[in-house]
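Take a look at the sequence and the structure, then read on.

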Amino acid sequence: MTGRPRGRPVILLGLSSNEFFRDVIAGLAAPQKALPPKYFYDDAGSRLFERICRLPEYYLTRAELSLTRTHLGAIARFAGKGCELIEYGSGESLKTPLLIRALRPGAYLPVDISHAALEQAARRLLRRFPGLQITPVHGDFSRPLDLPRPRAARVVYFPGSTIGNLDPEEAHAFLSMTRGQAARVLVGVDLRKDARILHAAYNDARGVTAAFNLNLLARINRELGADFDRARFAHYAFYNAGAGRIEMHLVSLARQAVRVGRHRFAFESGESIHTENSYKYSTEGFRALAARAGYAVQKVWTDRRGLFAVYGLRAAQ
Ligand code: AVJ
């Protein structure tokens with residue numbers, strides 16, 4: 001993107017608002033009601049998520065940041081200086097400046113579902129790295145994007161265990177899709193661990209995760225003209241050991257009906273809306289997933305406590 005006005009990045013568009021309505025109606029009509037977690041991140045939700053990242057119980061962000069600092073040289077060597085860096089779910093991007101300073105990428109393409117987060121991140125990075133070529137892309141990772149033509153080798157950066165939101169089939173599809181974009185991937189993945197540690201990370205004492213979960217209902221009310229009563233739903237999160245994932249739900253505290261536009265949805269008392277899965281992988285489990293998508297694990301970096309891993313994947317021939 002050349003010729004962009006200073007300080008106002010041009011954002012490539014990839015999503016329509018209509019889609020939100022369709023996803024909500026379809027999700028609430030299903031036998032197990034469900035809403036896609038990508039809709040957590042309106043402005044209020046993005047702010048709540050930033051607060052989650054600072055919670056004492058939420059070890060993921062700190063563990064990934066610390067391992068990225070410790071292994072920065074090796075991570076940059078793996079990616080290759082001057083590469084074009086595609087970052088999915090860039091959000092607040094605390095680790096990104098570290099990586100950009102070490103990598104000096106020829107171009108940086110952040111992809112995010114939140115327009116505000118993209119714009120802020122792009123401005124912040126431009127201030128910090130005035131010569132950096134930034135092409136923000138508004139979209140999500142559930143389908144291929146229309147990206148400009150590459151001028152150097154591309155590396156996909158997918159930090160934050162965002163891949164954990166995808167079920168193994170979707171994660172496989174995502175990794176297969178990135179094979180058409182880059183021969184190398186850096187991906188941050190939360191490791192399997194003691195269920196009590198996992199449980200605490202999604203049931204924080206301050207109730208920030210609960211507010212984050214419930215904010216989805218406020219967003220649906222505001223943007224889609226619904227009448228959810230947030231006081232009649234409760235945050236519920238638990239570790240499903242069989243599936244290897246944290247599940248978040250919003251549980252109806254009463255028998256009630258909710259309207260979304262002209263649609264009406266009935267809830268039994270105790271019935272839930274499944275709002276998020278957060279998969280945790282052993283290194284072996286993740287290696288198998290990557291292999292099925294045609295990637296070999298070339299590097300694994302972990303933090304000192306073994307909580308979190310960043311993998312360096314390379315397309316297998
Ligand atoms: C951004 C998807 C990695 O699953 O841990 C945090 C989102 N949900 N607390 C996660 C989240 C509840 C987070 N990811």
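## Before we start

What you see is a predicted model, so local features need pLDDT of at least 70 and side-chain atom pairs count only at pLDDT 80 or more, while totals for chains, interfaces and linings use all residues. Residues are numbered from 1 along each chain as its sequence is written, and side-chain values use heavy atoms, with hydrogens and water left out.

In the side chain of tyrosine 202, an N or O atom is 2.5 Å from an oxygen atom of the ligand, and glutamate 276 places a polar side-chain atom 2.6 Å from a ligand nitrogen. On its own the ligand has 350 Å² of accessible area, and the protein covers 97% of that (areas come from the Shrake-Rupley method with a 1.4 Å probe).

There are 14 residues around the ligand, and Tyr58, Gly160, Tyr202, Glu276 and Ser278 come nearest (to be near, a residue needs a heavy atom within 4 Å). Sorted by class, this shell has eight nonpolar, five polar and one charged residues; Gly counts as polar here, and Tyr as nonpolar. Helix H2 (43–53), helix H9 (208–224) and strand S10 (272–279) each bring at least two residues to the shell (helices are DSSP runs of at least four residues, strands of at least two).

## The nonpolar cores

The largest nonpolar core holds 67 residues, and Leu186, Ile220, Phe228, Phe233, Val260 and Ile273 touch the most other members. A core like this is a set of buried nonpolar residues joined through side-chain atoms within 4.5 Å, where buried means under 20% relative accessible area, with a 1.4 Å probe and protein chains only. Helix H9 gives the most to this core, with seven residues.

Setting aside residues up to four places away in sequence, valine 260 touches a list that includes Phe21, Leu28, Ile220 and Phe265 (contact means heavy atoms within 4.5 Å). Apart from this core lies another, of 34 residues, with Leu145, Tyr279, Leu289 and Val297 among them.

## A buried glutamate

Why does glutamate 247 count as buried? Because its relative accessibility is 7%. Glutamate 247 belongs to strand S7 (residues 245–252).

Its side chain makes a polar contact of 2.8 Å with the side chain of arginine 245, and another, also 2.8 Å, with that of histidine 249 (a polar contact within protein is a pair of N or O atoms within 3.5 Å, one able to donate a hydrogen and the other to accept it). Beyond four places in sequence, glutamate 247 is in contact with residues including Tyr236, His274 and Glu276.

Key: Buried < 20%, exposed > 50% of the residue type's maximum accessible area, 1.4 Å probe, protein only.
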